[in-house]
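Work through the exercises below with the sequence and the model open. Each task is followed by a solution in steps.

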Amino acid sequence: MHSVSYVETGASNSEAFFLPSRAGKSVLIFRHNKFWVNNQYRDKLNWACRDKDTRGCLCRVQTTMDGRFIRVKGDHNHDPNFTPQNFDVSAERLFNEWQANMVLNRVKGT
C-alpha cells in the first residue's frame, strides 16, 4: 500500500504532498498542480509541471530525494490541473484521509 508523504521544508502540508500514479510512480501535488519527475541531479529531484509539453508550462519544483522541498521556479500558464479523480480509487481514498487529517490538525491547533 502506498502512503501519502508530505513535502516538509518550505511548503506547508496543505499545499504539497505525494501520491502514487496509476503507473506506480510518485506524482508531486503542489499548490493544486501535478508534477512529474523531470530528472535527477546528484541528491535532488527536479519536477516539471504535467502541462510542460502540452501547454508549454515552465513551472518547476525541486526536492531532495527524501521529499524535502527546496524551491519552486516559474509560474503556471494555466488553471490548476489536479483533482483526486485523476487517480485510482486507492489514491483518492488516501487523498480523502489526508484531507480529513488536515482538518483534525487545524481543530487540534497543530
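**Exercise 1. Find the bridge partner of Lys-44 in β6, then follow the pairing onward.**

Step 1. Lys-44 has Thr-64 as its bridge partner in β6. Strands here are DSSP E runs of at least two residues, and helices are H or I runs of at least four residues, both numbered from the N terminus.

Step 2. β5 and β6 (residues 60–64) run antiparallel and are joined by 5 bridges; two strands count as paired if DSSP finds at least two bridges between them.

Step 3. β6 also pairs with β7, again in the antiparallel sense, over 4 bridges. In this pairing Thr-63 stands opposite Phe-69 of β7.

Step 4. The hairpin of β6 and β7 has 4 residues between the strands, and Gly-67 there takes a positive phi near 90°.

Step 5. For the whole chain, the count is 2 helices and 7 strands, in the order β-β-β-β-β-α-β-β-α from the N terminus.

A note on the basis: the model is predicted, local features need pLDDT of at least 70, side-chain atom pairs count only at pLDDT 80 or more, and totals for chains, interfaces and linings use all residues. Residues are numbered from 1 along each chain as its sequence is written, and side-chain values use heavy atoms, with hydrogens and water left out.

**Exercise 2. Classify the ring pairs Phe-17 with Phe-82 and Phe-30 with Phe-69.**

Step 1. Rings of Phe, Tyr and Trp (its six-membered ring) pair if their centres lie within 6.5 Å; planes under 30 degrees apart count as stacked, over 60 as edge-to-face and the rest as tilted. The structure holds 4 aromatic pairs.

Step 2. For Phe-17 and Phe-82, the centres are 6.1 Å apart and the planes are at 80°, so this pair is edge-to-face. Phe-17 lies in β2 and Phe-82 in the loop between β7 (69–73) and α2 (89–108), 65 residues apart.

Step 3. Phe-30 and Phe-69 are stacked, with 5.3 Å from centre to centre and 25° between the planes. Phe-30 is in β3 and Phe-69 in β7, 39 residues apart.

Step 4. Phe-30, Phe-35 and Phe-69 form one aromatic cluster.

**Exercise 3. Describe the surroundings of His-78: is this residue buried or exposed, and which side chains make polar contacts with its side chain?**

Step 1. His-78 sits in the loop between β7 and α2.

Step 2. Its relative accessible area is 13%, so His-78 is buried.

Step 3. A polar contact is a pair of N or O atoms within 3.5 Å; within protein, one must be able to donate a hydrogen and the other to accept it, and residues adjacent in sequence count only if both atoms are side-chain atoms. The side chain of His-78 makes such contacts with the side chains of Asp-51 (3.4 Å) and His-76 (3.2 Å).

Step 4. Leaving out residues up to four places away in sequence, His-78 touches Asn-33, Cys-49, Asp-51, Arg-55 and Cys-57, where contact means heavy atoms within 4.5 Å.

Technical notes. Buried means under 20% relative accessible area, exposed over 50%, partly exposed in between (1.4 Å probe, protein chains only).
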